[in-house]
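Please look over the sequence and the model shown below, and then follow the questions and answers one at a time.

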Amino acid sequence: MDETFYIEDGVVEEIVEVKSRLVFPEGVEIAEGLFMGMEDEPIEDNIYAEIDSIVFPSSLETLEDYTLSACPNLTSVIISEGTKVIGERAFNDCKKLKHLV
């Protein structure tokens, strides 16, 4: 069992173990504000600065506003066809993002 995420009622509520590559399990949604709270921190204090790659599940229907704004070193994001809505500025401050599928 992957203990990277805390999941409640099919929603990822917390990232328990931050890794450079996060692969969200199938069948989950992402809690609004999951990655929030670190965007104004210095890079050395931002726990999400370690993340450089994220794979979202096909079950993810909405990527909320500003979802990844606290991930300054993100270079690759994979979003499936199941995602119908990408919120305003979902990739705000992801200046290193090069690969979006």
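Q: How many disulfides does the structure hold?
A: A disulfide is a pair of cysteine sulfur atoms within 2.5 Å. The model is a predicted one, in which local features need pLDDT of at least 70, side-chain atom pairs count only at pLDDT 80 or more, and totals for chains, interfaces and linings use all residues. Residues are numbered from 1 along each chain as its sequence is written, and side-chain values use heavy atoms, with hydrogens and water left out. The number of disulfides that the structure holds is zero.

Q: Which residue of β9 stands opposite Val77?
A: Helices (H or I, at least four residues) and strands (E, at least two) are DSSP runs numbered from the N terminus, and two strands pair if DSSP finds at least two bridges between them. An open sheet with parallel pairing is formed by four strands in the order β3-β5-β7-β9, and its edge strands, each pairing on one side only, are β3 (21-23) and β9 (99-100). Strand β7 (residues 76-78) pairs with β9 in the parallel sense over two bridges, and opposite Val77 stands Leu100.

Q: Is Ser53 buried or exposed?
A: Ser53 has its place in strand β5 (residues 53-55). Not counting residues up to four places away in sequence, Ser53 touches Ser20, Arg21, Leu22, Leu74 and Ser76, where contact means heavy atoms within 4.5 Å. Because its relative accessible area is 11%, Ser53 is buried.

Q: Which residue in β2 stands opposite Glu8?
A: Another open sheet has three strands in the order β1-β2-β4, with mixed pairing, and its edge strands, each pairing on one side only, are β1 (5-8) and β4 (29-30). Within this sheet, β1 pairs with strand β2 (residues 11-15) in the antiparallel sense over four bridges. The residue in β2 opposite Glu8 is Val11.

Methods:
Buried < 20%, exposed > 50% of the residue type's maximum accessible area, 1.4 Å probe, protein only.
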